[in-house]
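Hi,

Here is the structure I said I would pass on. Have a look at it first, and then read my notes below.

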Amino acid sequence: MSMASNAGTDATGRRDDEWSLCLQQVAQSDRAAFARLFKHFAPLIKAFALNGSAMAAAHAEELVQEVMIKVWQKASGYNPQKAAASTWIYTIARNCRTDMYRRLQKFDTPINAEDIWPDVESDELFAAVQQKRDAARIKDMLETLPHEQAQILVKVYMEGKSHSEVAEALDLPLGTVKSRVRLAMKKLQLTVER
Amino acid sequence: MINYHPDTRLLNEYSSGTLPLAQSVCLSLHLNYCDQCRRSHQRLQQLGSALFEDLSPQQVDDSLLRTVMARLDEEPEPLQYQKTAANEDDCPPLIQRLMQGDYEDLEWKSISKKVHISRLRTGDVDNEFALYRIDAGASIPRHTHRGTELTLVLEGGFSDEEGHYEVGDFIMRDAQQQHSPTATRDRDCICIGVLDAPIKFTDWKYRPINPFLKLQAS
């Protein structure tokens with residue numbers, strides 16, 4: 001099947017455009033497009049679940065179902081100018097994994113993940129373009145990050161560990177974990193140094 | 001103008017979803033006021049997304065695709081989400097949800113004549129989430145912390161030994177830091193305080209109640 005004939009030459013960019021296009025087709029209730037999206041992303045969502053808490057891992061396939069159904073339901077709200085399809089799907093997976101964990105822990109809460117990470121839209125086109133540029137840059141720079149820094153980011157983002165839990169898992173002082181994260185942020189130009 | 005922000009650790013733990021619920025609510029409310037941290041958060045989500053794409057894919061059976069395809073019909077129609085606009089003038093929607101009404105509708109308990117507290121239920125049983133109302137010019141008695149205290153100003157402003165804080169400012173204090181927040185004279189101050197352990201008063205007048213301070217998280 002040929003997709004994204006107008007995609008750029010950059011390999012990373014092309015992949016993003018391909019899935020963004022596919023997601024826009026899903027928004028039109030295109031089931032074939034949904035199946036393509038599923039085949040690519042479901043194995044990543046499953047990996048994301050297995051990397052998480054023991055509880056999330058035990059419910060990996062349930063999480064895959066939940067995330068993919070949300071993708072189907074929310075596809076019409078996806079704005080390709082604002083984010084890559086992968087980023088959009090990742091945030092849904094993070095939200096579902098967080099909500100699932102709290103649900104399984106029998107957290108009685110009036111708040112869900114979508115309240116905590118609201119999808120705040122920026123109306124300026126400039127900001128949207130800037131965001132896509134950021135995404136491409138982050139991806140490229142991630143490759144150049146020293147292993148000792150990248151490893152910590154994986155533990156925080158994929159395994160859902162706090163900095164103290166990472167310190168414990170890697171048998172490092174908390175201060176070392178914090179300073180490695182700060183170095184990584186500086187290199188990736190992610191946060192304002194404070 | 002927002003002058004005080006969460007640090008790198010807090011932002012990372014918030015964006016990745018590892019921060020406890022009550023603290024995440026506090027961060028989320030700060031983002032409501034702060035463009036700069038909102039942008040940082042968006043970039044951190046892109047970082048998360050890049051790491052997500054680098055995971056080694058795990059085998060998913062075709063039967064799961066069939067199950068999901070079959071469920072698409074049973075699920076409700078695709079939802080249309082409303083955009084959440086950041087608005088500096090309004091009380092953030094998330095806090096309105098937690099209060100289920102207005103500041104006036106809450107049950108305020110007095111800490112002193114001019115300082116009141118109203119605890120809100122977030123579902124996080126390890127962290128107390130409370131609103132403090134400090135009358136114009138009044139102070140919270142000098143105290144230190146046994147754990148971490150996150151503070152976010154919702155209305156008015158206050159000062160302590162380290163600075164002056166206005167609406168949207170985010171402050172983190174830990175065990176070593178002693179302070180006595182004082183509201184500005186011109187108006188009452190309302191702020192959020194998230195505690196993972198009870199505070200400890202250092203003023204002789206209030207010290208006798210220290211042993212009775214319990215965290216009331218719900």
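In chain B, six strands make an open sheet, ordered S1-S2-S3-S10-S5-S8, with antiparallel pairing. Strands here are DSSP runs of E, at least two residues, helices are runs of H or I, at least four residues, and both are numbered from the N terminus. Two strands count as paired if DSSP finds at least two bridges between them. The edges of this sheet are S1 (109-112) and S8 (170-173) of chain B, each with a single partner strand, so one side of each has no neighbour in the sheet. On average, neighbouring strands are turned by 30° against each other, direction ignored (axes are lines fitted to C-alpha atoms, for helices over the stretch in contact, with angles from 0 to 180 degrees between N-to-C directions).

Before going on, bear in mind that this is a predicted model: local features need pLDDT of at least 70, side-chain atom pairs count only at pLDDT 80 or more, and totals for chains, interfaces and linings use all residues. Residues are numbered from 1 along each chain as its sequence is written, while chains are lettered from A and ligands numbered from 1 in the order in which they are written.

Back to the strands. S1(B) pairs with S2 (residues 115-119) of chain B through three antiparallel bridges, and the two form a hairpin with two residues between them.

S6 (residues 158-160) of chain B and S9(B) share two bridges, with B:Phe158 partnered by B:Ala183.

UniProt's unreviewed entry puts "domain: ChrR-like cupin" at residues 102-192 of chain B (its annotations may be inferred rather than shown by experiment, feature names are shortened, and positions follow the numbering used here). That stretch is 0% helix and 46% strand, with its end C-alpha atoms 15 Å apart.

What about the two chains together? Their contact takes 55 residues from chain B and 63 residues from chain A (contact means C-beta atoms, placed from the backbone, within 7 Å). On the chain B side, H3(B) gives the most, with 15 residues.

Lastly, in chain A, H2(A) has a kink of about 35° at A:Phe41, shortly before the proline A:Pro43 (the bend is the angle between axes fitted to the seven residues ending at a residue and the seven starting there).

Cheers

Conventions
Two residues are in contact if their C-beta atoms, placed from the backbone, lie within 7 Å.
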